Amino acid sequence: MLYKAHSAAVYGIEAYVVEVEVDVGSTRMNEFNVVGLPDVAVKESRERIRSALKNCGFDFPSPHGVTINLAPADVRKEGSAFDLPMALGILGCLGTFFGKPLDSCLFLGELSLDGGVRPVRGALSAALAAREKGIRSLAVPEANAREAAVVEGVDVFALRSLPQAVDLINSPESFKPLRVDAHGLLAEAAQYSVDLRDVQGQQAAKRALEVACAGSHNIIFIGPPGAGKTMLAKRIPTILPPMSLEEAIETTRIHSVAGVLEDSRGLVGTRPFRAPHHTISDAGLIGGGAIPRPGEVSLGHHGVLFLDELPEFQRNVLEVMRQPLEDGSVTIARAAISVTFPARFMLAAAMNPCPCGFFGDTTRDCHCTPPQIQRYVSKISGPLLDRIDIHIEVPAVKYKELRSQQPVEDSGAVRQRVIQARQIQLQRYAAEKKVYANAQMPPKLIRKHCGISAEGEKLLENAITRLGLSARAHDRILKVARTISDLDGSENIEPRHLSEAIQYRTLDRTYWA
Ligand SMILES: [Zn+2]
């Protein structure tokens with residue numbers, strides 16, 4: 001007796017439909033074989049399936065043997081999501097469904113020993129794969145139902161247990177598909193628990209953050225421990241424009257296949273803020289594994305990647321960030337496979353001004369020698385620093401500022417200005433490919449959109465020669481000045497915009513000499 005059920009496997013952030021073919025009785029007694037390149041978790045399915053069937057009161061087909069084929073047979077399958085379709089295939093062979101085919105529904109779910117259905121990774125991608133293949137409905141673990149239901153055009157059924165799945169097949173009329181309003185879900189999920197209002201003082205740093213967000217510029221904070229660098233960075237998502245539904249779905253897919261989708265709402269509605277520790281490996285940062293899973297750069301897609309204590313990161317780890325910073329995606333090549341994950345994030349970094357942290361602090365002594373400081377700063381590779389447009393010093397907050405009763409602007413107000421500046425940019429780059437904000441301007445567009453007056457020319461020349469700014473700082477200054485003028489609603493880049501942009505090149509100046 002042969003029975004077929006549909007399931008799905010994840011590959012990169014895509015899922016593909018897997019056919020689970022179950023044959024009972026054609027192999028030797030008591031045998032239970034799974035073929036079709038299963039990994040260890042798939043092979044362990046048989047123990048879970050045996051127990052689940054027995055504990056739910058179904059007959060396990062012993063002494064008949066069971067053979068299961070996962071097709072296509074040449075692609076490696078991992079994980080435990082095939083438990084449910086395998087168990088259903090066995091039940092089909094035993095006549096539980098009276099010969100009714102299972103092909104109109106795609107099943108996903110890990111089984112617990114008592115027959116409960118546990119969450120799996122990649123349900124949203126599986127729903128997209130089902131729709132593409134013309135499979136009308138999807139039965140998934142309850143915890144994954146909302147993310148799957150975001151996909152229009154498929155009926156999603158939430159399952160708690162194996163017997164419930166059997167009922168769904170035998171009497172579908174008594175089940176209602178889960179309906180979600182994706183836009184409503186997004187609005188509900190788009191709430192931040194932090195606000196720029198929580199940060200006292202630091203006006204200059206807040207202004208730099210606003211400029212960074214307005215032009216999608218990468219930023220680095222330089223300041224002593226405890227000055228509030230992390231606190232500021234955490235609030236970047238709150239002043240970036242709200243996520244579009246398309247962005248939210250993309251980010252949710254990545255978090256779902258990585259198994260880190262925390263939100264029971266089923267949609268990542270706030271821009272991610274990822275802050276990996278400096279001991280992270282390159283695989284942790286860009287992704288890895290036998291069947292590669294996304295790393296931090298992809299989990300931060302459409303959000304912020306924050307690298308605190310930047311000079312402490314391994315150099316080779318920082319090197320691997322060059323591709324995502326350049327392309328907005330990352331490719332992980334293995335012997336047989338190569339997977340590309342989206343990785344478009346805003347980079348925020350922080351560092352102390354010197355190894356002890358108190359260089360330039362008026363209240364603490366710093367005994368670091370110039371060579372020590374030089375060595376510390378040079379740990380950050382030039383090519384990485386090259387991709388950071390804005391450098392801002394974050395000094396320790398003075399007591400007076402900390403106790404100030406002055407009203408502090410909230411994230412919402414700053415965000416409005418950011419959105420306006422972004423809209424100007426979206427119009428400006430409407431005809432360009434892959435350019436959405438000033439930070440992404442290639443040299444050709446810098447020449448086109450960053451013209452400056454003779455007065456501005458003089459100012460810039462002065463800065464570069466007198467302050468000892470590097471030549472490569474030149475383009476960065478123009479891009480940032482473009483953003484500042486957009487925030488100002490000004491068509492032209494005025495000298496005052498340039499002067500502000502020049503101030504954001506701390507690390508280019510002979511600051512530590
Ligand atoms: Zn020091």
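Reader: Is Leu498 buried or exposed?

Author: This is a predicted model, in which local features need pLDDT of at least 70, side-chain atom pairs count only at pLDDT 80 or more, and totals for chains, interfaces and linings use all residues. Residues are numbered from 1 along each chain as its sequence is written, and side-chain values use heavy atoms, with hydrogens and water left out. Buried means under 20% relative accessible area, exposed over 50%, and partly exposed in between, with a 1.4 Å probe and protein chains only. Because its relative accessibility is 0%, Leu498 counts as buried.

Reader: Which residues are in contact with Leu498, leaving aside its neighbours within four places in sequence?

Author: Leu498 is found in helix H23 (residues 495-503), where a helix is a DSSP run of H or I, at least four residues, numbered from the N terminus. Contact means heavy atoms within 4.5 Å. With neighbours within four places set aside, the residues in contact with Leu498 are Ile452, Gly456, Leu459, Leu460, Ile477, Leu478, Ala481 and Ile493.

Reader: How many of the residues of H11 are buried?

Author: Among the buried residues of H11 are Leu245, Glu247 and Ala248. The helix is mostly covered, and of its 14 residues the number buried is 11.

Terms used. Helix = DSSP H or I, 4+ residues; strand = E, 2+ residues; numbered from the N terminus.
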